[in-house]
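Subject: A structure to look through

Dear colleague,

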Amino acid sequence: MTQHYRITLLPGDGIGPEIMAVAVDVLKVVGEQLDLAFEFQEALMGGAAIDAKGEPLPSETLDLCQNSDAVLLAAIGGYKWDTLPRHLRPETGLLGLRAGLGLFANLRPAKILPQLVDASSLKREIVEGVDILVVRELTGGVYFGQPKGIFATETGEKRGVNTMAYTESEIDRIGRVGFETAQKRGKKLCSVDKANVLEVSQLWRDRITALAPEYPDVELSHMYVDNAAMQLLRYPKQFDTIVTSNLFGDILSDAAAMLTGSIGMLPSASLGASGPGVFEPVHGSAPDIAGQDKANPLAQVLSAAMMLRYSLNQPAAADRIEQAVLTVLDKGNRTGDIMSEGMTLLGCRAMGEALIQALSV
Ligand code: NAD
């Protein structure tokens, strides 16, 4: 029986519309092959929305997103809007989207593709085979805890304050995403904290440990964040799924991403308790190459694969797309950002055509 899905597309700015067009073509082909019917609805966000509607996240855009099965976002922002007041900046739209959809979990894979292993800044033998997914808590911790601010002390000296705080329920819900994500992958979960120093981390460790019996098929370990940073560079292959708080996840997911060496290849997902998730490339709108057919669409296409795997529960469709990406790379096809000697340089559109061809055999 045909499965129907309503997908909101937010192409955004810069290279966004170019890479989104490729992802939509790929989804259409996979949908036909696996009997999935996608109803795409496109909406304005970021600079494009500021120009047309005077705000980065118009209410009709948020409504459409809330009433869909998943949201596929490309990228927002650009020089033109960089000097606007903060509430009118494209990035403010992104924060509004996260809040409006209650997205508290951010999933960022760092997978070394065999064809691009030499793009990493680390040695081949260290990174070959790395396949890590960092699950980062997105709406709590030190970025949001109260009190926060810069206050004057009695002596008149200023004091900056942020508060790292988590409730048990906040830890449990991100912990569950960690365990469930690990179940869909290599069934190993490493929880990263700083429980030797921070009380908030001790509570984190206690709660994650308490959840473990509910997931007997997942092997749980704990690691202090300083050691995790070191181990990511020393022996990254030991990790499968990592779950951690907002601040630690912000830093570790960037470090893990750098292992792959190619920003144009990295997808991400942001999930809420229920309702649609948002799937988007890690990179920005690349205004320097926008409109020139030079963008690498693969992070966007892999974001669509994550959408199929984590929101729509269609792993076979996700596998098919990920395999097509490997096939085009195997054939030596490269966009400028991942180009190396002896490979064939393709533009964004031609890379899309190569993907469709790979899907069609
Ligand atoms: P960027 O990721 O857009 O670009 C960094 C460099 O990587 C540029 O040289 C760019 O050409 C290249 N690059 C990025 N994606 C590429 C792709 N798919 N193919 C080929 N090359 C690619 O980061 P930036 O230059 O710091 O930011 C540009 C704009 O994007 C800013 O307005 C920023 O605020 C915004 N931004 C948006 C998001 C988002 O939408 N989530 C994330 C980061 C930055």
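The notes below go through the domains, the cores, the pockets and cavities, and some points of the backbone.

Please keep in mind that this is a predicted model, in which local features need pLDDT of at least 70 and side-chain atom pairs count only at pLDDT 80 or more, while totals for chains, interfaces and linings use all residues. Residues are numbered from 1 along each chain as its sequence is written, and side-chain values use heavy atoms, with hydrogens and water left out.

**Domains and cores**

The protein chain is divided into domain 1 (1-113 + 264-361) and domain 2 (121-260), with bounds that come from an automatic or database domain assignment. The C-alpha centres of domain 1 and domain 2 lie 25 Å apart, and 17 residues of domain 1 are in contact with 23 residues of domain 2, where contact means heavy atoms within 4.5 Å.

A nonpolar core is a set of buried Ala, Val, Leu, Ile, Met, Phe, Trp, Tyr and Cys residues joined through side-chain atoms within 4.5 Å; buried means under 20% relative accessible area, exposed means over 50%, and partly exposed is in between, with a 1.4 Å probe and protein chains only. The largest nonpolar core has 70 residues, and those with the most contacts inside it are Leu72 and Leu107. A second, separate core has 19 residues, including Val127, Val134, Val225 and Phe239. If residues up to four places away in sequence are not counted, the residues that Leu107 touches include Leu133, Val177, Ser268, Met306 and Tyr310.

**Pockets**

Grid points are joined across faces, edges and corners, and a volume is the space filled by probe spheres set on the points.

About 630 Å³ of space lies in the largest pocket. Of the 28 residues that line the largest pocket, the closest to its centre are Leu94, Arg98, Arg136, Leu138 and Glu280. Helices (H or I, at least four residues) and strands (E, at least two) are DSSP runs, numbered from the N terminus. Among the elements that give two or more residues to the lining of the largest pocket are helix H4 (90-100) and strand E12 (277-281), and H4 gives the most, with five residues. The lining of the largest pocket draws at least three residues from each of domain 1 and domain 2.

The second largest pocket holds about 460 Å³ of space, and of the 23 residues that line the second largest pocket, the closest to its centre are Pro109, Lys111, Asp131, Arg185 and Glu322.

**Cavities**

A search of the whole structure finds two cavities of 30 Å³ or more. The largest cavity has a volume of about 50 Å³, and the residues that line the largest cavity include Met164, Tyr166, Trp204 and Phe248. The second largest cavity has a volume of about 30 Å³ and is lined by Leu73, Leu94, Leu97, Arg98, Leu103, Val278 and Glu280; H4 gives the most to this lining, with three residues.

**Backbone**

Most residues other than glycine have a negative phi, and most peptide bonds are trans. A cis peptide bond joins Gln146 and Pro147, with omega about 0°, and Pro147 is found in strand E6 (residues 145-152). Phi of Asp35 is near 60°, a positive value in a residue other than glycine; Asp35 is found in the loop between helix H1 (16-34) and strand E2 (36-42), and Asp35 is partly exposed, with a relative accessible area of 37%. Ala286 also has a positive phi, near 40°, and Ala286 lies in the loop between E12 and H10.

With best wishes

Notes:
On a 1 Å grid over the protein atoms alone, a cavity is a set of points where a 1.4 Å probe fits but cannot get out, and a pocket is an open set with protein on both sides within 12 Å along at least five of seven lines; lining residues have an atom within 4 Å of a point.
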